[in-house]
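Good morning, colleagues. Please turn to the structure on the screen, as I would like to speak about its salt bridges.

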Amino acid sequence: ELAVLLAWLKVTAQVHQVHHWTASGDPFYGDHLLFDRLYSGVTENVDAVAEKMVGVGCSDLADPTMLMKHMKAIQDGVYQMRPGLPQPGDLATRSIEMEKTVIDVLDMCKASLSSKNLLTTGVDNMLADLADSHEGNVYLLKQRLGGV
């Protein structure tokens, strides 16, 4: 579960970083800063999950080949671009969908670990902190999209 969560977070951070690089149009500077903030925060989440995963004895799950395989499957499944240059709101819409999905993945991860009696207090706390962080990201992106 934590390896899949790690892959989702890495893909989400990568999406926000690309949006940071490619933001353009009228709200360019605000979008540029917003996506930088999102990317930086999610990158910290990646590190926290990877360190917790290794710390609870799952270092074999940090295998780069498996991580890249998971990331590729996620990217292929969720990150579809329409042809042409993105419109200013397209990037925020894509980012908010990634963030909402991460929240769903967090819920599934917690439920799965709990059902297997593998949910430690520390992992539970980390998942709650991550949910709080990503709910905050959804709020910021909703503000950018006009309260969608």
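I begin with Glu-1, which is partly exposed at 28% relative accessibility; here buried means under 20% relative accessible area, exposed over 50%, and partly exposed in between, with a 1.4 Å probe and protein chains only. This is a predicted model, in which local features need pLDDT of at least 70 and side-chain atom pairs count only at pLDDT 80 or more, while totals for chains, interfaces and linings use all residues. Residues are numbered from 1 along each chain as its sequence is written, and side-chain values use heavy atoms, leaving out hydrogens and water.

What does Glu-1 form with Lys-116? The two form a salt bridge, with their closest N and O atoms 2.6 Å apart; the term denotes a side-chain nitrogen of Lys or Arg within 4 Å of a carboxyl oxygen of Asp or Glu. This pair links distant parts of the chain, 115 residues apart: Glu-1 lies in the segment before helix 1 (2-22), and Lys-116 in the loop between helix 4 (88-115) and helix 5 (121-144). Helices are DSSP runs of H or I with at least four residues, numbered from the N terminus. Lys-116 is also partly exposed, at 48%.

In total, the structure holds four salt bridges. Another joins Asp-124 and Lys-110, at 3.1 Å from N to O. It links helix 5, which holds Asp-124, with helix 4, which holds Lys-110. Asp-124 is partly exposed at 24% relative accessibility, and Lys-110 is partly exposed at 38%.

Finally, Asp-76 and Lys-72 form a salt bridge at 2.9 Å. Both lie in helix 3 (residues 64-78), four residues apart, about one turn of the helix.

Key
Helix = DSSP H or I, 4+ residues; strand = E, 2+ residues; numbered from the N terminus.
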